[in-house]
Amino acid sequence: MRLDGRRTSSNVEDRRGMSGGAKAGIGGIGAVIVAALFAWMSGGDPLSAGLQAAQEQMAARTETVDAASFTEEEQELAKMSSQILASTEDVWTPVFEKLGGTYTSPTLVLFTNSVNSACGSATAAVGPFYCSGDQKLYIDLSFFTQMKKQLGVEGNTFAYAYVIAHEIGHHVEYLTGTLGKAHQAMSQTDKVSANQISVRLELLADYYAGVWAHYEDAMNHSMEYGDLEKGLELAKAIGDDWLQKKAQGRATPESFTHGTSEQRKRWLKRGYETGDMSVSTFDVRNYNDL
C-alpha cells in the first residue's frame, strides 16, 4: 500500500514516553500466547467498559521521557499511523455525507506501556483499542513490531492499516448508533448471547475496514499486488478459533468474541469488494451464517 507523499492527520495525541499509571490491564486469552499481538483480537478490546471507570482512573500521574529516545523505526510507524488516520478521514467524510450524516474524526493516541482512557486504564498487552467514551483509539506502536515478528508483515503497510481501520470501524459503529445499541443489548442478556453480539460488532468493524480500503484505493490507487492477501492472512491469524487453538489446543465457540478466521476474512474481503454501507452483520439473522 503506497502512502508516499500523503498528508498526516492533525488528530494525533502523542503520549509516548509517558507513564499512564495503569491500575489494571484489560486482557484476554491472548496474553497466554504472546502479549499484545494476540490480545488485540481475543477479548482485549475494552469496548464495553463504562465511563464511570474512566472517571475513577483518569487522575493518574504522568511522567515525560525524552522523545529523542524513540528509534527511527518507531518514528516511521508513528508517521505511517498518522497518514493512515488521515486517509480514514478523507474516506469516511464523503461516505457519511452521501448517507446524509457528518463524520467526526476520532483522535489517535500513541502511548507507551500503559495509558488512561475514558474506558479506564490499560496496558500495552491489551493491544490497539477504541474507546467510545472519549472517541479515541489507542495504540502502543510496539504492537506493530510484534506483528512484524510474529506474522511476517514487514514491509506491507496495508496489514498495519487494517489494524487502524478496524478500530476506526468501531468509531463508525459509534457514529451510526450501532455500537450503543449493541452494548445495551449485551448488558441485558446472558454471557453467550453477549459474546455473539460482540462477534457481530467485531466482524462489522472488519467489514468497515474493507469499505475504507475500497474507497481509499478508488481515490488514490494505493493498493498494490498482494496487499489484500496480506490483510486476509492477518485476519485469519487473529480469528478466535485460531487463537484459542494456539493457546489451549482447542476452540470453544461459545466464548468467541471476535469471530473465526474464516468469518474475519470473509467480512474484510466483502467490505473491500463492495464498499456497500447498506450491509451489516446485524442484518444476518442466523448467527451461524455470519
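Two residues are in contact when heavy atoms of one lie within 4.5 Å of heavy atoms of the other. The model described here is predicted. In the protein, 78% of the contacts with a separation of 6 or more are between residues 24 or more positions apart. The secondary structure comprises 10 helices and six strands, and 52% of the 290 residues count as buried.

Helix packing is considered next. Two packed helices are described by the angle between their axes and the distance between the axes. Helix H8, residues 227-237, and helix H10, residues 261-274, have axes that come within 8 Å and cross at roughly 150°. H8 is therefore roughly antiparallel to H10, since angles over 145 degrees count as such. The crossing of H8 past H10 is right-handed. On the H8 side, the residues in contact are Leu228, Gly231, Leu232, Ala235 and Lys236; on the H10 side, they are Ser261, Arg264, Lys265, Leu268, Lys269 and Tyr272.

H10 also packs with helix H7, residues 191-220, at an angle of about 35° and with the axes 6 Å apart. H7 likewise passes H10 in a right-handed crossing. The residues that H7 brings to this contact include Val199, Leu203, Asp206, Tyr207 and Val211, and those from H10 include Arg264, Trp267, Leu268, Arg270 and Tyr272.

Arg270 is located in helix H10. Arg270 counts as partly exposed because its relative accessible area is 36%, a value between the limits of 20% and 50%. When residues up to four places away in sequence are not counted, Arg270 touches Tyr207, Gly275 and Val279. The C-alpha atom of Arg270 is separated by 8.2 Å from that of Val211, and the two residues are 59 residues apart along the chain.

The strands are described in two parts. Strands of a sheet pair through backbone hydrogen bonds, either parallel or antiparallel. Four strands form an open sheet in the order E1-E2-E6-E5, and the pairing in this sheet is mixed. Strand E1 (12-15) and strand E5 (129-131) are the edge strands, each pairing on one side only. On average, neighbouring strands of the sheet are turned by 25° against each other, with direction ignored. Within the sheet, strand E2 (residues 107-111) and strand E6 (residues 136-140) run parallel and are joined by five bridges. Phe111 stands opposite Asp140 in E6.

Strand E3 (residues 114-117) pairs with strand E4 (residues 120-123) in the antiparallel sense, over four bridges. The two strands are joined by a hairpin through two residues. From E3, Ser114 and Asn116 point one way, while Val115 and Ser117 point the other way, and all are buried.

Asn116, which lies in strand E3, stands opposite Ser121 in E4. The side chains of Asn116 and Ser121 are joined by a polar contact of 2.4 Å. Asn116 counts as buried because its relative accessibility is 7%, which falls under the 20% limit.

Technical notes
Residues are numbered from 1 along each chain as its sequence is written. This is a predicted model: local features need pLDDT of at least 70, side-chain atom pairs count only at pLDDT 80 or more; totals for chains, interfaces and linings use all residues. Side-chain values use heavy atoms; hydrogens and water are left out. Buried means under 20% relative accessible area, exposed over 50%, partly exposed in between (1.4 Å probe, protein chains only). Two strands pair if DSSP finds at least two bridges between them. A polar contact is a pair of N or O atoms within 3.5 Å; within protein, one must be able to donate a hydrogen and the other to accept it, and residues adjacent in sequence count only if both atoms are side-chain atoms. Axes are lines fitted to C-alpha atoms, for helices over the stretch in contact, and angles run from 0 to 180 degrees between N-to-C directions. Angles under 35 degrees count as roughly parallel, over 145 as roughly antiparallel, 65 to 115 as roughly perpendicular and the rest as oblique. A crossing is left-handed if the near helix is turned anticlockwise from the far one by less than a right angle, and right-handed if clockwise.
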